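Open the model in your viewer and keep the sequence panel beside it. Each stop below gives a selection and what to look for there.

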Amino acid sequence: MLLFSYAGLATTDFASDVHWITTLTLAAMLAATHARWAVAGVLLSLALLTKLYAAMIVVGFVGALLLARRFGPALRVGAWTALPFLAVMAIMTAVVGKPVIEQVLLNNLGRPAGIDNAAILAFFAGHDLWIYPAAALLAIAVLRAPALRPCVFPVVLYAAFMAGYPDVYYLYLKPLVAY
């Protein structure tokens, strides 16, 4: 469905940070289904290093494990996400200095508003119409299989963040299509 979605087809001629984030977070979820918690954490760390808005998926992923009362895996994923991220940031800060903190971390907090979020969400809702039956099927699956309920948490958290983020572009919603 992702390949034939509007979000997928509209971005087939270039690669963007959102493509990397989508690939890395989906790969992390696949690793987690095989209890490869360290691999999942490193993949999430790479997604976070790619673009900081992946933090909502990371928090949602670890939060989903906590909601499922899987404290050991949540700790392992959290640690394997944090350690590589902090190591890379420490090295970059040591080499480059203050601009790393300003450009990588603080720049995202003070971004000016772009296109109106309501217009972006309306565009998304109007162009990826298959998302409605997919969401209905997901809701049915989650109701029928309680073990799937924590899997919804990263998606909901990411969607809520993007709804309130001041500088959203349609492309940023592509992970929602993938999930």
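Select α5, residues 71-96. Its buried residues are Pro73, Ala74, Val77, Thr81, Phe85 and Met89. Buried here means under 20% relative accessible area; exposed means over 50%, and partly exposed lies in between (1.4 Å probe, protein chains only). Helices are DSSP runs of H or I with at least four residues, strands are runs of E with at least two, and both are numbered from the N terminus.

A note on what you are viewing: this is a predicted model, in which local features need pLDDT of at least 70 and side-chain atom pairs count only at pLDDT 80 or more, while totals for chains, interfaces and linings use all residues. Residues are numbered from 1 along each chain as its sequence is written, and side-chain values use heavy atoms, with hydrogens and water left out.

Stay on α5 and check its length. The helix has 26 residues and reaches 37 Å from its first C-alpha to its last. That is close to the 38 Å expected at 1.5 Å a residue; the expected span is 1.5 Å times one less than the number of residues. Step off the end of α5 to Gly97, where phi is positive, near 95°.

Axes are lines fitted to C-alpha atoms, for helices over the stretch in contact, and angles run from 0 to 180 degrees between N-to-C directions. The crossing of α4 and α5 is left-handed, meaning that the near helix is turned anticlockwise from the far one by less than a right angle (clockwise would be right-handed).

Show side chains at this contact (heavy atoms within 4.5 Å). From α4, pick Val58, Phe61, Val62, Leu65 and Leu66. From α5, pick Phe71, Pro73, Ala74, Val77, Gly78 and Thr81. Colour them by type: 9 are nonpolar, 2 are polar and none is charged. Ala, Val, Leu, Ile, Met, Phe, Trp, Tyr, Cys and Pro count as nonpolar, Asp, Glu, Lys and Arg as charged, and the others, Gly among them, as polar.

Next, the loop between α4 and α5. Arg69 sits there. Its phi is positive, about 60°, although Arg69 is not a glycine. Most residues other than glycine have a negative phi. Arg69 counts as exposed because its relative accessibility is 65%. Select Arg70 in the loop between α4 and α5. With a relative accessible area of 39%, Arg70 is partly exposed. Leaving aside residues up to four places away in sequence, Arg70 touches Trp37 and Leu65.

Move to α2, residues 17-33. The 17 residues should span 24 Å, and the end C-alpha atoms are 24 Å apart, so the two agree. Among the buried residues of α2 are Val18, His19, Ile21, Thr22 and Leu24.

Just after α2 comes Ala35, with a positive phi of about 60°. Ala35 lies in the loop between α2 and α3 (37-50). At 46% relative accessibility, Ala35 counts as partly exposed.

Finally, zoom out. The chain has 10 helices and 0 strands. Of its 179 residues, 36% are buried. Among contacts with a separation of 6 or more, 72% join residues 24 or more positions apart.
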